[in-house]
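Subject: Structure handover

Hello,

I am passing on the structure we discussed. Please look through it and then read the notes below.

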Amino acid sequence: MRSRTLRIAATALVLWLAVLFAPAPATADPARAHTHMVAAAHPLAAQAGLAVLREGGTALDAAIAAQFVLAVVEPQSSGLGGGAVMLHYDAASRAVTSWDGRETAPAAAGPDLFLGPDGQPMGFYEAGLGGRAVGVPGAIRMLEAAHRRHGRLRWERLFAEAIHLAEHGFLVSPRLAGAIAADAQRLATRAGPRAVFLHADGTPLAAGTLLVNRPLAETLRALAAGGADALHRGAVAAAIARAVRTDANPGLLTVDDLAAYAPKRREPVCAPYRSVLVCGMGPPSSGGPTVLQALGLLAHFDMASLPPGGADAAQLLVEAERLAWADRATFLADSDFVPVPLRGLLGPGYLTARAQLIDQDHAMAEARAGNPNWEAPNLAPALPQPEHGTSHVSVVDDAGNAVALTTTVQDAFGARVMVGGFLLNNQLTDFSFLPARNGRPVANRVQPGKRPRSSMAPTLVLDADGRLLFALGSVGGARIIGDVAQALVSLIDWRLDPQATAAAAHIGTLGETADLEAGTPATALAPALEARGQKVRTYQAISGVTIIAVTPQGLLGGSDPRREGVALGD
C-alpha cells in the first residue's frame with residue numbers, strides 16, 4: 001500500500017511540475033492585464049512581483065522582489081553575488097533612467113589577469129572557475145540605490161517570498177535540474193555548490209527535488225535588515241574576500257573593493273527607429289548601442305514589407321548585425337576608462353554610409369569596424385570570447401511606470417564559489433583576455449576598477465509623445481543583442497504580439513556566420529542564405545525574451561517558450 005501511495009504521489013508531482021513549468025506554446029496568445037503586469041524567467045519570481053504590485057508597490061518594488069526570488073530558484077543565472085543593469089520609466093515625467101550595477105575589477109587587477117606564464121590567454125574555464133574571475137558584485141547596491149528613488153514599499157518587505165523559499169525550500173525546476181546535471185563535474189570541485197546542488201553520492205538534484213538553502217535565507221535576512229551594507233561590509237564581505245583569495249584558483253578581490261563599490265545612475269542610450277524612440281543601456285553594456293546600431297542600419301530597408309521569418313528579412317538582419325558587431329568589438333567598453341564614440345556610432349550620416357555595405361543578395365566578405373567621428377587612441381578589435389547566461393524581469397505598474405532589469409553571474413553557476421548560500425560571479429571573463437593586439441590596446445582590456453563590457457540589453461520603447469509602448473529584454477549571453485534586435489523588428493515593423501515575438505525562431509549572428517535556430521522553421525532558410533554567400537550554422541537557442549506591451553486595450557505580455565518564464569497581471 002505504501003509503495004502504491006508513493007507511486008501516486010510521484011506521478012502527481014511530475015504532473016504538477018509539468019503544469020507549473022510548461023513553457024508557453026509557440027502559438028499561445030499573449031497574457032492580458034488591465035492595471036499592472038510582471039514578466040519574469042521563473043513562475044515563482046513572477047508571482048512574487050505580482051504580489052508586490054497588488055500591495056500597491058511600484059514597478060521597481062516588484063522587479064526587486066522578483067529578482068530576489070530568482071536568486072533563490074534560478075541560482076545558475078543570477079543572484080546576490082552578481083551584477084545587473086536596469087532601465088526605469090517614470091510615467092509622470094516620461095523620463096527614462098538607466099542604472100548600472102555592473103561588477104568591477106578589483107583594485108589589484110591588471111591587464112595580464114588572464115594571461116598564462118607563456119603570455120598567451122588562458123582557456124575560459126582555466127580563467128573562469130574559482131576566485132580569479134570574481135568581480136566586485138554590484139546588483140544589490142544598485143537595486144538599493146534605485147529603491148531609494150523609485151520604491152514605495154519597505155525594503156525589507158521585498159525579501160519576504162525569497163526568504164520563505166530559501167528557508168522552506170522549493171521544487172527544483174526541469175531547467176535548473178538540467179543545468180545542475182550539465183555542470184555536475186564543475187560543481188563538485190568546490191564544497192559550497194557541491195553541498196547545495198548534488199546529493200552526498202555526487203549525483204545531481206533531479207527535477208521535483210525539494211531544495212532548501214538556509215544559509216541563503218540568513219543572508220537574505222541580513223540584507224533585508226541592514227541593506228546592501230550587509231553584503232559589502234562586515235562578516236559577509238570578509239567571507240567573500242576570503243573565499244576568493246583562498247580558492248585553488250585565487251583571485252584579487254578584497255574587503256576594500258567591496259566597501260568601495262558604487263552603482264551609477266547613467267543617461268540611457270536612445271535613438272529613433274521608424275516612428276518610435278528605442279532606449280537601451282549604454283556602456284559598460286554594449287547591448288543598447290549594438291541593438292540601436294542594427295536598427296539604425298535596418299531603418300534604410302522596408303522591413304515591414306518582408307515576410308517575417310523569410311530569407312530576405314534574414315539576410316538583412318544578419319548583415320546589419322554583422323556590421324554592428326564589428327564596431328562593438330573595436331569601440332565598446334567601460335566609458336569611464338575608454339572614450340566611446342556613441343554619437344559617431346549612432347549618427348545618421350555614419351549609419352547611412354554603413355548601410356551602403358549591405359547587399360540584399362550578397363553577403364559581405366568580411367564585416368569590419370567603421371570610422372565614426374571621434375578622437376581616441378587607435379584600438380584593436382577584441383577576439384570573440386564566450387558569454388553566458390543571465391535573467392530578465394520586465395514590469396509595468398498601476399501608474400504606468402516600468403522597469404526592464406537584466407541580471408547575471410556570467411557563466412552558469414558563476415565562479416562555482418559559494419558564500420552565505422549564494423554563488424559569486426565570474427564576470428571578469430567578460431573582459432578581453434588579450435590586453436593588446438598588434439601593438440594596439442583593446443578597449444575592453446582589464447583595468448583596476450573597470451566594469452567589463454556586457455551584452456545585456458534591457459530596452460524601453462516610447463512613442464513620439466514619450467509614452468511607454470514596450471518594456472522588454474532577454475537572456476542568453478552574447479545572443480541577447482540579436483534576440484532583442486529581432487524582437488524589436490517583430491514588434492515595430494511586423495506588428496506581431498509579444499507572445500508571437502518571444503516565440504519566433506531566432507535568426508542572427510555573433511559577427512561572422514548566419515546563425516539559425518535548430519529545430520525551427522529558420523533552418524529551412526539555409527539554402528537561400530548560402531546562395532547569397534552566407535556561412536550558415538545552426539545552434540540551440542537559450543533565449544529568454546520577456547515583453548510587456550502597453551496598448552489602448554491594456555497590457556499584453558509575452559514569455560519565451562524556450563524557458564520557464566511567465567507574464568502575470570491583473
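Asp430 is buried, at 8% relative accessibility (buried means under 20% relative accessible area, exposed over 50%, partly exposed in between, with a 1.4 Å probe and protein chains only). Asp430 sits in the loop between β13 (422–423) and β14 (436–437). Helices (H or I, at least four residues) and strands (E, at least two) are DSSP runs, numbered from the N terminus.

Before going further: this is a predicted model, in which local features need pLDDT of at least 70 and side-chain atom pairs count only at pLDDT 80 or more, while totals for chains, interfaces and linings use all residues. Residues are numbered from 1 along each chain as its sequence is written, and side-chain values use heavy atoms, with hydrogens and water left out.

Annotated binding site

An unreviewed UniProt entry annotates Arg102, Asp430, Ser454, Ser455 and Gly477 as "binding site". UniProt positions are given in the numbering used here, feature names are shortened, and annotations may be inferred rather than shown by experiment. These residues are spread over 376 residues of sequence but cluster in space, with a largest C-alpha distance of 14.3 Å.

Arg102 lies in the loop between β4 (95–101) and α4 (124–128). Its relative accessible area is 1%, so Arg102 is buried. Not counting residues up to four places away in sequence, Arg102 touches (heavy atoms within 4.5 Å) several residues, among them Asp430, Ser454, Tyr261 and Thr408.

Annotated active site

For "active site", the unreviewed UniProt entry lists Thr390. Thr390 is in the loop between α17 (348–355) and β10 (391–396) and is buried, with a relative accessible area of 3%. Leaving aside neighbours within four places in sequence, the contacts of Thr390 include Gly477, Thr408, Met456 and Arg563.

A helix pair

The axes of α3 (residues 59–73) and α5 (residues 139–150) come within 10 Å and cross at roughly 155°. Axes are lines fitted to C-alpha atoms, for helices over the stretch in contact, and angles run from 0 to 180 degrees between N-to-C directions. That makes α3 roughly antiparallel to α5 (over 145 degrees). Leu60, Asp61, Ile64, Gln67 and Phe68 in α3 meet Ile140, Leu143, Ala146, His147 and His150 in α5. By class, this contact has six nonpolar, three polar and one charged residues (Ala, Val, Leu, Ile, Met, Phe, Trp, Tyr, Cys and Pro count as nonpolar, Asp, Glu, Lys and Arg as charged, and the others, Gly among them, as polar).

Regards

Conventions:
Parallel < 35°, antiparallel > 145°, perpendicular 65-115°, else oblique.
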